[in-house]
Amino acid sequence: MELRVLNYFLVIAREENFTRAAEQLHVTQPTLSRQIADLEKELGVKLFKRSNHSIVLTEDGMLLKRRAQEILSLAEKTKRDFLYQEEKLDGTVTIGSGEFLSTRILTDCIAAFHKKYPRIRYEVFSGNAGSISDNIERGLLDMGLMSEPIDIRKYEFISMPVKEEWGVLVRDDSPLAAKETITPQDLSGRPLISSVNNMVESNIGKWLGSYLSQVDVIAKGNLLYNEALLGQSNIGVVLAIRLNCRYDGLRFIPFAPAMESTTALAWKKEQFFSPAAAAFIDFAKKYIGGIAHDDRGALDSPAP
């Protein structure tokens, strides 16, 4: 029983589809099917119940899933225990991130990790949750900082200890600029600029309530900088998260009632990572977890 085949098995169990699993693993479907057939023959059991559209684990398959996760976890930990002793650990870590206050925690984590492993390099991709998760699925990113909730069926994650505050960016000469807070009624009939794809199902849609049908989203984007430029050009009011940055001629005003969201650093389950990415994930768990405990007064010392 090879570790590689156990990983194949876990990816199929997660995706519940041979075609999708083959795409994730970058192997052909016949190769994947043959490997699983050989595994079933070796163990003398059927691991999946197959239908025309999906596959599900048998009872024996569920038992193997638990054991395979334990075996691969132990193998990966053993490998990391030896690799992390090496001062020359190198490679590239690829990370996606939206525009959040919590991004500063991520960049501080990278800086602390870089002090420990100076040979490692980083590629940071900016985007929204959809583009980041898509690039994780395609294997282009190791992990990503995204808005919660996170799909726990596919991802492991650690929540960031920061609340993201929602509001609007309005021009200094806007009638709204004199307000301390913005209510749903204030946005009724006004042209809006938003990063939200599905306003009806979004938290902003819920916040707007009965006024949702009275707002007019005339422009969408996935980077606040571009949306802010549209706001500066007087295209509309920008729905945005408060960030530690300034846009000339624009003022941030929070929502009332207040609306907050949370974020998490997420990575794919049952995924083999490069030594550099695996080391960063382990480090980030401790670093971010340490900050969370500090915020609750549980720790006296800074994260590693």
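1. Four bridges join strand 7 (residues 164-171) to strand 10, and the two strands run antiparallel. Strands (E, at least two residues) and helices (H or I, at least four residues) are DSSP runs, numbered from the N terminus, and two strands pair if DSSP finds at least two bridges between them. Within this pairing, Val168 stands opposite Leu239 of strand 10.

2. The model is a predicted one: local features need pLDDT of at least 70, side-chain atom pairs count only at pLDDT 80 or more, and totals for chains, interfaces and linings use all residues. Residues are numbered from 1 along each chain as its sequence is written, and side-chain values use heavy atoms, with hydrogens and water left out.

3. Strand 10 (residues 237-241) also pairs with strand 8 (residues 191-194), in the parallel sense, over two bridges. Here Leu192 has Val237 as its bridge partner.

4. Five of the five residues in strand 10 are buried (under 20% relative accessible area; exposed is over 50% and partly exposed in between, with a 1.4 Å probe and protein chains only). Val237, Leu239 and Ile241 point one way, whereas Val238 and Ala240 point the other way. In a regular strand the side chains alternate between the two faces of the sheet.

5. Which residues does Leu187 touch, not counting residues up to four places away in sequence? Its contacts (heavy atoms within 4.5 Å) include Val168, Leu192, Val237, Leu239 and Phe255.

6. Asn7 belongs to helix 1 (residues 3-15). Asn7 counts as buried because its relative accessible area is 8%. Not counting residues up to four places away in sequence, Asn7 touches Leu25, Leu72, Glu270 and Phe272.

7. Ile71 lies in helix 4 (residues 59-83). Ile71 is classed as partly exposed because its relative accessible area is 37%.

8. In helix 6 (residues 129-137), the buried residues include Ile132, Ser133 and Glu137. Just after helix 6, Gly139 takes a positive phi of about 80 degrees.
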